[in-house]
Amino acid sequence: MSARIGVITFPGTLDDVDAARAVRYAGGEAVSLWHADENLREVDAVVVPGGFSYGDYLRAGVIARFAPIMTPVIEAARAGMPVLGICNGFQILCEAGLLPGAMIRNQGLHFICRDQWLRVENTSTPWTTRYDEGAEILIPMKNIDGCYMAEQSTLDALEAEGRVVFRYVGSNPNGSRNDIAGIRSENGRVVGLMPHPEHAIDALTGPSDDGLGMFFSAVDALVKA
C-alpha cells in the first residue's frame, strides 16, 4: 500500500514542489491538488504548503481559506484525516478554524530567513512519531507574518493539553507567544508550523535532513492504517 498525500497549490504558493519531493523521499505518493478542485482525489493526507497564497492580500491565508479545495479539506480534517500546514499553510489552517490562534507581523517587522532550531514537544501526532520527545531539530524558516498569537486562555489550554508540537530553541525569532513554532488540533490529526520541514530533507541541499521525519511519520501512520 502506498500512502497518497495531497499537496495543494494556490495562486502564489511557492513550496508545493518541495513538499511533493519530501513526500516522495519518504516513500509516499505525492498527489497534486489545485485550489479550484472540489474533491481530494482519494488522498489519505494533505499538506498545505508555504508561499504567499493570493499574494497575502487582506492578510496571510484569509483568501485561500475560502478556496474550493478547502471545503473538503476542512471536512476531512474534522473526520480525522492527517493535515500538515507549513508556514502559509499554518496561517490558512488558522483562518479555516482547524487550528486556534493567528499569525501576525513578526516582532521587529522584518522578513526572517534563517535556519532555526526547534524542540519537538509532542510525538503523538501522525506527523511526529519518528521523533523523540525533546529532540532538537534544525529547520529553515522564512516569513514575515510568523508571530503566533492567541488569547491567554487558548495558550493555557494548548499547554495543558500538550498541543504545542514544536517550540523555538535558543531564541524566539518572531515574538511568538510561549516560543510556539507549531501546534496541533484537539483531535491531534492537524498540525501547523511556521518553519519549513520540506527544505530539510537532504543534508546536501538543506541545513539537515531533520524535516524528513515529519513525512516518514505520516507515511508510517497511513500505511499502518
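A salt bridge here is a side-chain nitrogen of Lys or Arg within 4 Å of a carboxyl oxygen of Asp or Glu, and by this rule the count comes to 10. The structure is a predicted model, in which local features need pLDDT of at least 70 and side-chain atom pairs count only at pLDDT 80 or more, while totals for chains, interfaces and linings use all residues. Residues are numbered from 1 along each chain as its sequence is written, and side-chain values use heavy atoms, with hydrogens and water left out. Here is a short tour, starting with the sheet.

**The sheet**

- Nine strands make an open sheet with mixed pairing, in the order β2-β1-β3-β4-β11-β10-β9-β6-β7; its edge strands, β2 (29–34) and β7 (136–143), each pair on one side only.
- From one strand to the next, the twist averages 25°.
- Strands (E, at least two residues) and helices (H or I, at least four) are DSSP runs numbered from the N terminus, and two strands pair if DSSP finds at least two bridges between them.
- β1 and β3 pair in the parallel sense over three bridges, with Ile5 opposite Ala45 in β3.
- β3 and β4 also run parallel, joined by three bridges, and Val46 stands opposite Val83 in β4.
- β9 (residues 164–168) and β10 (residues 180–184) are antiparallel partners over three bridges; here Val164 faces Ile183 in β10.

**Cover on the sheet**

- Helix α1 (residues 16–25) lies across β1 (4–9), β2 and β3 (45–48), and runs at about 175° to β1.
- Helix α3 (residues 88–95) lies across β3, β4 (83–86), β10 and β11 (190–193), at about 120° to β4.
- Contact for these helices means heavy atoms within 4.5 Å; axes are lines fitted to C-alpha atoms, for helices over the stretch in contact, and angles run from 0 to 180 degrees between N-to-C directions.
- In a regular strand the side chains alternate between the two faces of the sheet.
- Both faces of β3 are covered, with Ala45 and Val47 buried on one side and Val46 and Val48 buried on the other.
- Buried means under 20% relative accessible area, exposed over 50%, and partly exposed in between (1.4 Å probe, protein chains only).

**Salt bridges**

- Asp15 pairs with Lys142, the closest N and O atoms being 3.0 Å apart; Asp15 sits in the loop between β1 and α1 and Lys142 in strand β7, 127 residues apart.
- Asp15 counts as buried because its relative accessibility is 3%, whereas Lys142, at 25%, is partly exposed.
- Glu95 and Arg59 form a salt bridge with closest N and O atoms 2.7 Å apart; Glu95 is in helix α3 and Arg59 in the loop between β3 and α2 (70–78).
- Arg167 meets Glu121 in a salt bridge (2.7 Å, N to O); Arg167 lies in strand β9 and Glu121 in the loop between β6 and β7, so the pair ties together parts 46 residues apart in sequence.
- Salt bridges that share partners join Arg119, Glu121, Glu159 and Arg167 into one network.

**Loops worth a look**

- Glu42, in the loop between β2 and β3, has a positive phi of about 60° although it is not a glycine, and counts as exposed at 70% relative accessibility.
- Asn178 lies in the loop between β9 and β10; its phi is near 60°, a positive value in a residue other than glycine.
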